[in-house]
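Here is a short briefing on one protein model. Look at the strands and the charged side chains.

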Amino acid sequence: MAILKKLYILVFPLILTSCYEDFNPKIDTDPVLCLNSLITAGNPIEVRVSHTWLYTDDNGRNDHSVSDARIDIFANGELVEADYIPQEGDRIRIHASSLKYGEAEAEVTVPVATRVSDTDFTVKIDDIWMLWTEGWGLNAKIEFGIRMLMDLADNGDTDDFHRLTYQTFSGDVIMTDGYDSDTSRQNYGRTTYSSNLSEGQFEALDPVFYEFTDPFEDVMYGSYYTMFFSDRLFNGTAKTLTFGFSPCFFTLSGWKGDPEALECGWDIKLYTISESYYNWLAYSDRSSGIIFGDFEDFGMADPIWGYSNVSTGAGVVAAQSSVDVRVDLKNVLKKILEEENTDS
């Protein structure tokens, strides 16, 4: 059996090389207009117009602009100005035309944002180090994990699609010892401190994040998830979205009790996206997959067809709206530091 395995490993690359052959295809296909736009509720509409080109066309690859493009935007059936601000529920149609490349159009409805009715979180302390120095203040480093719960008010009348994004914020207070611009002299002994939050790794704790997980890819690489999902698992019902971060680190230097130095956490955006955006994300995710993207390149899997909702089959017109959620750790950290300082 060991000999057979070695033979297989040697022969397999030779089999793959036979899949390739040099050829120059002659494709009688004229370039067409390509439309791309991501419409966001409350922001002006930006449209990018280009044209398609054959992969053998170096000129088209380097310059695929359309100099004579005319763009018309319609909101709820009415022609609007270029500076129109779309709102949730608007039906937006974009029409583009060019004497050289013809016409293209696409329509999308700006989704109504799924509301977040409540947000809660729990913090689990894994390790904490503290050092108090007279005249300097408190130095501390806290290692922890956080679990977040967001209650979503799903709209049962429609199929909803979502995307989750996040970024951290922290005090990062600038040290104030040294030159004082107000008095134009050195000023020593002033209160100085700095703080920083390191977010750790995102933890996809909810089944919705695994909607596109392929069993084979998950076994090979483990914990494969996406940050976009549909409401198929909870359409029309209350949903508590669960996720977390770990290991997280909060560091503090020279703290003398100012609560503003402890203000840190996560700014989270829950987008409600159009089906066209969801379909494009799904296509992009699968086509760039570690396993099946390579298999397709080798000719060992069916090709993943590109997605477009434009009349010419080139480009994507999508829409989104969002709600913002801030998770602030200030009060939790203040309590932890005060308790630890008292105990020590």
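**The sheet**

Six strands form an open sheet in the order β2-β1-β17-β16-β9-β14, with mixed pairing. The edge strands, β2 (48–51) and β14 (228–230), each pair on one side only. This is a predicted model: local features need pLDDT of at least 70, side-chain atom pairs count only at pLDDT 80 or more, and totals for chains, interfaces and linings use all residues. Residues are numbered from 1 along each chain as its sequence is written, and side-chain values use heavy atoms, leaving out hydrogens and water.

**Terms for strands**

- Strands (E, at least two residues) and helices (H or I, at least four) are DSSP runs, numbered from the N terminus.
- Two strands pair if DSSP finds at least two bridges between them.

**Inside the sheet**

- Strands β9 (residues 161–169) and β16 (residues 265–273) run antiparallel, joined by nine bridges.
- Arg-163 has Tyr-271 as its bridge partner in β16.

**Salt bridges**

- The count is eleven salt bridges (a side-chain nitrogen of Lys or Arg within 4 Å of a carboxyl oxygen of Asp or Glu).
- Glu-88 and Arg-115 form one of them, at 3.0 Å, N to O. The two residues are 27 residues apart.
- Arg-93 and Glu-105 also meet in a salt bridge, at 2.9 Å, N to O. Arg-93 lies in strand β5 and Glu-105 in strand β6 (residues 102–109), so the pair ties together parts twelve residues apart in sequence.

**Exposure**

- Buried means under 20% relative accessible area, exposed over 50%, and partly exposed in between (1.4 Å probe, protein chains only).
- Glu-88 is partly exposed at 29%, and Arg-115 is partly exposed at 41%.
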